[in-house]
Amino acid sequence: PIFLERFGQAKPLPEKSSKTIKFRRYNSLDPTPNPLTEGVTPSGKKMTATDVSASVVQYGDFIEISDVVQDTHEDPVLKEGMAVCGEQAANMLELVRFGILKAGTNVYRAGGAASRDAISKGLTIGLQREIVRGLKRQNARTITKIVGAGAGFSTEPIAAAYIAVTHVDLETTIRKLPGFVPVEKYSDHMKAMPGEVGKVEEVRYVTSTVFAPWEDAGGAVSSANFISTAGTKADVYPILFFGADAYGLVSLKGKNSVTPTVLNPNSPRGGDPLGQRGTIGWKTYASCVILNDAWMARAEVAVSTDLES
């Protein structure tokens, strides 16, 4: 599933345009009190905007299928191949976006650690509250609508909240936070999103295996039970918290979002006169850019191995 596309400022890539796409954020007006004088028209204000540009990059891949496999395999190979490529495309683009967004500069480390290699504490309600307070201080608005799951460029309303995305290994930790509300207990207006675990105060948590940790990047695990790939230092898990319009991206929607390519075996062509090979592939353009570092935050935490409720 593609999660990050749903929470950012998504735009289609215009056809026959350059490789640069522009995202626009309108700035808040000056709230300094402006008393009116009877009979005198005030000077008024002008709207201002901040433009952020990003360059799109082309991504793609393909798999090769022989005529023998096509002729003798019991499964519908071309259909299965297209499904595998579709899954790869979604995961690859999600990894690209995650790599860009987790490089943001607004960082909170568990336990107040001075650096990533000193992290030996997990996510707490105190850390979440500190992050939410920081977002509010920067006037980061809660997310009230997300990009729709359909093929068009529609949006869907959601109950106002900040969104946090992280790895599935944190699900137990999230469920243990005070005030956790699982998706199955949401009220009618709190429609659950794909991958959503639940809500804690003003934050809704979404998890995926794509949002992977930095392996063995934290503090020593000799005196604490934290997940560690090598068994000596804690793996450090990023949790990305988003307010509205924190980042922008090229949407995968529209007729030209992902271009599939299929060359059937048993079709002679240049370089393959006997038609012994076929391919199934895809390609697309993508880009992602942080629009306002102050409207998003990255928590870095260790994850306990304790799975007891």
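## Salt bridges: the term and the count

A salt bridge is a contact in which a side-chain nitrogen of Lys or Arg lies within 4 Å of a carboxyl oxygen of Asp or Glu. By this criterion the structure, which is a predicted model, holds 11 salt bridges.

## The chain as a whole

The protein chain contains 5 helices and 16 strands. Of its 309 residues, 41% are buried. Among the contacts in the chain with a separation of 6 or more, 72% join residues 24 or more positions apart. The chain exposes about 16,600 Å², and carbon and sulfur atoms supply 52% of that area.

Helix 3 covers residues 77–101. The buried residues of helix 3 include Val77, Leu78, Gly81, Cys85, Ala89 and Leu93. In general, an α-helix has 3.6 residues a turn, so residues three or four places apart point the same way.

Helix 4 covers residues 125–137. Its 13 residues should span 18 Å at 1.5 Å a residue, which agrees with the 18 Å between its end C-alpha atoms. Ile125, Leu127, Gln128, Ile131, Val132, Gly134 and Leu135 are buried in this helix. Just after helix 4, Asn139 takes a positive phi of about 60°.

## Aromatic rings

The structure holds 4 aromatic pairs. One of them is formed by Phe98 and Phe211; the pair is tilted, with 5.0 Å centre to centre and 50° between the planes. Phe98 lies in helix 3 and Phe211 in the loop between strand 10 and strand 11, so this pair ties together parts that are 113 residues apart in sequence. Phe98 counts as buried because its relative accessibility is 2%. Phe211 is likewise buried, with a relative accessible area of 0%.

The rings of Tyr205 and Phe241 have centres 6.2 Å apart and planes at 80°, so they form an edge-to-face pair. Tyr205 belongs to strand 10 and Phe241 to strand 11, so the pair ties together parts that are 36 residues apart in sequence. Both Tyr205 and Phe241 are buried. Ring pairs also link Phe3, Phe98 and Phe211 into a cluster. A charged residue meets a ring as well: Arg116 lies over the face of Trp214, at 3.6 Å from the ring centre.

## Salt bridges in detail

Asp51 forms a salt bridge with Arg24, and their closest N and O atoms are 2.7 Å apart. Asp51 lies in strand 3 and Arg24 in strand 2, so the pair ties together parts that are 27 residues apart in sequence. Asp51 is partly exposed, at 35% relative accessible area, and Arg24 is partly exposed at 38%.

Another salt bridge joins Arg141 to Asp245, with 3.0 Å between the closest N and O atoms. Arg141 lies in the loop between helix 4 and strand 6, and Asp245 in the loop between strand 11 and strand 12, so this pair ties together parts that are 104 residues apart in sequence. Lys176 and Asp306 meet in a salt bridge of 3.6 Å, N to O. Lys176 lies in helix 5 and Asp306 in the segment after strand 16, so the pair ties together parts that are 130 residues apart in sequence. Finally, salt bridges that share partners join Arg109, Arg116, Arg298 and Glu300 into one network.

How values were computed:
Residues are numbered from 1 along each chain as its sequence is written. This is a predicted model: local features need pLDDT of at least 70, side-chain atom pairs count only at pLDDT 80 or more; totals for chains, interfaces and linings use all residues. Side-chain values use heavy atoms; hydrogens and water are left out. Helices (H or I, at least four residues) and strands (E, at least two) are DSSP runs, numbered from the N terminus. The expected span of a helix is 1.5 Å times one less than its number of residues. Buried means under 20% relative accessible area, exposed over 50%, partly exposed in between (1.4 Å probe, protein chains only). Contact means heavy atoms within 4.5 Å. Accessible areas come from the Shrake-Rupley method with a 1.4 Å probe; for residues, only the protein chains shown count as cover. Rings of Phe, Tyr and Trp (its six-membered ring) pair if their centres lie within 6.5 Å; planes under 30 degrees apart count as stacked, over 60 as edge-to-face and the rest as tilted. A charge sits over a ring if NZ of Lys or CZ of Arg is within 6 Å of the ring centre and within 35 degrees of the ring normal.
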